[in-house]
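Here is a short tour for anyone who likes to check a model by eye. Please have your viewer ready and follow along.

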Amino acid sequence: MSLETAWLALLGLLLAGYFVLGGYDYGVQMLHPFLGDRGDRGDRGDGHGQEDTRASRSAALDAIAPFFLGNEVWLVAFAGVLFGAFPHLEGTLLSGLYPLIVAILVGLVLGNAAIQLRRRAHSPRGRRRWDVLIVFGGALPAVCWGIVVGLLLHGVPRRADGSFHVGFGDVFSPFALACGVTTALLFAAHGAAFVALRSVPELAAKARTLGASLLRGAAAVGSLALLLTLFGVGASMTNRATSAVIAALFAAALASAWWHFSQGHNTRAFAATCCATALPVLLVGAGHYPYLLISSAGAGLTVGHAVTDGATLKILSAFGVLVIPVILAYQTWSWWAFRGRTGLRHPSYF
């Protein structure tokens, strides 16, 4: 494997890792208002009804509390590799997708701030306001990431000077929107699987039921994206055979996750949704290789044109050998330290 290919694989690994880890953060945020125990609502007669509802409504957020800021390190590492190893791709990609990148960052900031500030609200109305921002902060980046994937699969318009530009019509095309909605539903199902894995049995059962419904929705909208591709207005893949195999694996991961949800297998369902959230990144990378960006005509920016010079890659490789193991070690430690179901191994946070 050449050094260029190794760094491309690392770039894809970091983005896929963020989709897996950040994906369940987005999903839990979107599902937060729907995973409260409705049976605890109202006053029980002892004056503690509102507090019971608050604790129940926070149960989903407690599942991600030890991880939701730490998972952002994968996005930071992805951006670092993109800037350092693929400067020509960074300059083209970020400028072309600037509105979507800004929307993703806005969602991240609002969602993280709302989660932190929700517990400071002293009234149900105040908590509901923060709940709206929490859901918005999860849904907006999820949809935008899906649109980004859809644009990369379809191909972006190329100008005469070789630069790429994404317009209003490209972002709101049927295929891009279908990819955005599919990704949002998938992340929500992934979040449901994470809550089922981390929560007490009653909440886990509710999360499994919700997750199975979301997976059916993701499969339905994803089928629309596939249909658009078959009619020639969807994905335009360079390596069609490879893309077909990855798409089949994606469908199999969705089906497996749905089956394990219905059978009550929380760990297996979460493993399947992890695969499903990572596969779109592999589809973009392997389906278009050696292109990183393509136009509707099929030509585009190749790996060789996007990567930095060999001397810089060697310097970065020495840096990557130190940083990547630290990231993996941190993630492993955090999962081990906060293993077990919420409320049994660590206190409530929100």
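Does G217 count as buried, partly exposed or exposed? With a relative accessibility of 22%, G217 counts as partly exposed, where buried means under 20% relative accessible area, exposed over 50% and partly exposed in between (1.4 Å probe, protein chains only).

## Ground rules

This is a predicted model, in which local features need pLDDT of at least 70 and side-chain atom pairs count only at pLDDT 80 or more, while totals for chains, interfaces and linings use all residues. Residues are numbered from 1 along each chain as its sequence is written, and side-chain values use heavy atoms, with hydrogens and water left out.

## The overall picture

The protein has 14 helices and two strands; these are DSSP runs numbered from the N terminus, with helices being H or I of at least four residues and strands E of at least two. Of its 350 residues, 50% are buried.

Contact means heavy atoms within 4.5 Å. Taking the contacts between residues at least 6 apart in sequence, 81% join residues at least 24 apart.

## Two helices side by side

Helix α1 (residues 3–31) and helix α14 (residues 310–337) have axes that come within 12 Å and cross at roughly 25°. The axes are lines fitted to C-alpha atoms over the stretch in contact, and angles run from 0 to 180 degrees between N-to-C directions. Angles under 35 degrees count as roughly parallel, and α1 and α14 are therefore roughly parallel to each other.

On the α1 side, L3, E4, W7, L10, L14, L21 and Y24 take part, meeting L313, K314, L316, S317, I324, Q331 and W335 of α14. By class, this contact of α1 with α14 has ten nonpolar, two polar and two charged residues. Here Ala, Val, Leu, Ile, Met, Phe, Trp, Tyr, Cys and Pro count as nonpolar, Asp, Glu, Lys and Arg as charged, and the others, Gly among them, as polar.

## The nonpolar core

The largest nonpolar core holds 105 residues, and F86, L89 and L151 have the most contacts inside it. Such a core is a set of buried Ala, Val, Leu, Ile, Met, Phe, Trp, Tyr and Cys residues joined through side-chain atoms within 4.5 Å. Helix α1 gives the most to this core, with 16 residues.

Leaving out residues up to four places away in sequence, F86 touches E4, W7, L8, L11, V81, L292, V303, A306 and V307.

## Two local details

G217 sits in helix α10 (residues 201–230). Its C-alpha atom is 7.7 Å from that of T182, 35 residues apart along the chain.

The peptide bond from Y289 to P290 is cis, with omega near 10°. P290 lies in the loop between α12 (266–288) and β1 (291–294).

Conventions
Parallel < 35°, antiparallel > 145°, perpendicular 65-115°, else oblique.
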